[in-house]
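Have the model open as you read.

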Amino acid sequence: NRATNNIAVFLGYGNAGLSSKSITYSTGTNSTPYMVAVGDFNNDGRPDIAVANYGVNNVGIFLGLGNGVFGSQSTLSTGSSRPLWIYVADLNNDKAQDMIIVNYGTQSISIFYGSGTGKFSNAITFFTGYDSIPMGITVGDFNNDKQMDIAIANSGTNNVGILLGNGNSSFATQTIFSTGIGSHPYSIATHDFNGDNFLDIVVANHGSNSVGVLLGYGNGSFAHSTTYSV
């Protein structure tokens, strides 16, 4: 809730219904939270919440207590980045969940590696290009080496950026694949769309009112985007 500087949790009844009243947790004065993600950051089998606090340049962590209640927020600084998007995944195969943050203000992404205890490393930042305006992110193994790779929707430069994982908690330099002039991709996801056992990428193109599909070759590269009007 950007206007009220909090997050709201609606507990489910297990029958597709939700409680009519939410439980809210403050993210701090002027925090302007933009996005949440859920993971188990301390390996206790209970879901935890991570929040991208755009207004105060940090990520907020709410550890779950297991009864639908969450502890007080702890924060991780993202510098002056204006964090916009957050994604949770185990990037280095250590069975501890990590976080990737899209930094709208600094044209970059940041990775916080998790320890599995609810604590995280300092941010490791990767530049996505001048005027790239990264908006969304997803992960997958795009070159079939059993290491997690990162795909970024770079709205400002009309492309998808790929960071291939090296297997030692580091990533190769970004390679880019065009989404079309004026496409301005905002959202990104991955799936095997043509049944060849290689991951493909789909982007929502805000600028051209279309969806773009980039078929993967299984070696970290992708075909030209095929667009579908929406």
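Find Gly140 and you'll see that it stands opposite Asp149 in strand S12. This is a predicted model, by the way. S12 and S11 pair in the antiparallel sense, with six bridges between them. They belong to an open sheet of four strands, in the order S11-S12-S13-S14, with antiparallel pairing. At its edges are S11 and strand S14 (175-178), each pairing on one side only. Ignoring direction, neighbouring strands of this sheet are turned by 25° against each other on average.

Now for another open sheet of four strands, with antiparallel pairing and the order S15-S16-S17-S18. Strand S15 (185-191) and strand S18 (226-229) each have a single partner strand, so one side of each is left without a neighbour in the sheet. From one strand to the next, the twist averages 20°. Zoom in on strand S17 (residues 210-214): four bridges join it to S18, and the two run antiparallel. Ser210 has Ser229 as its bridge partner in S18.

What about the inside? The largest nonpolar core has 15 residues, and Leu91, Ile100, Ile109, Ile111, Ile137, Ile150 and Phe171 are those with the most contacts inside it. Strands S7 (83-89), S8 (98-103), S9 (108-112), S11 (134-140) and S12 (149-154) each give two or more residues to this core. Both domain 1 (28-127) and domain 2 (132-229) supply at least three residues. Click on Ile111 and look around: among the residues it touches are Leu91, Ile100, Phe126, Ile150 and Phe171. There's also a second, separate core of 13 residues, including Ala37, Ala52, Ile61 and Ile101.

Last stop, the rings. A search of the whole structure finds nine aromatic pairs. Here are two of them:

| Pair | Distance between ring centres | Angle between planes | Type |
|---|---|---|---|
| Tyr34 and Tyr54 | 4.8 Å | 40° | tilted |
| Phe126 and Phe171 | 5.8 Å | 85° | edge-to-face |

Tyr34 lies in strand S3 (residues 33-39) and Tyr54 in the loop between strand S4 (48-53) and strand S5 (58-62), so this pair ties together parts that are 20 residues apart in sequence. Tyr34 is partly exposed, with a relative accessible area of 37%. Phe126 and Phe171, on the other hand, are both buried. Their pair links distant parts of the chain, 45 residues apart: Phe126 is in strand S10 (residues 124-127), while Phe171 is in the loop between strand S13 (159-163) and S14. Finally, Tyr25, Phe62 and Phe70 form one aromatic cluster.

Notes. Residues numbered from 1 in each chain as written. Predicted model: local features only at pLDDT ≥ 70, side-chain atom pairs only at ≥ 80, totals over all residues. Heavy atoms only, no water. Pairing = 2+ DSSP bridges. Axes fitted to C-alpha atoms, helices over the stretch in contact; angles between N-to-C directions. Core = buried A, V, L, I, M, F, W, Y, C linked by side-chain atoms within 4.5 Å. Buried < 20%, exposed > 50% of the residue type's maximum accessible area, 1.4 Å probe, protein only. Domains from an automatic or database assignment. Contact = heavy atoms within 4.5 Å. Phe/Tyr/Trp six-rings, centres within 6.5 Å; stacked < 30°, edge-to-face > 60°. Lists of a residue's contacts leave out its neighbours within four places in sequence.
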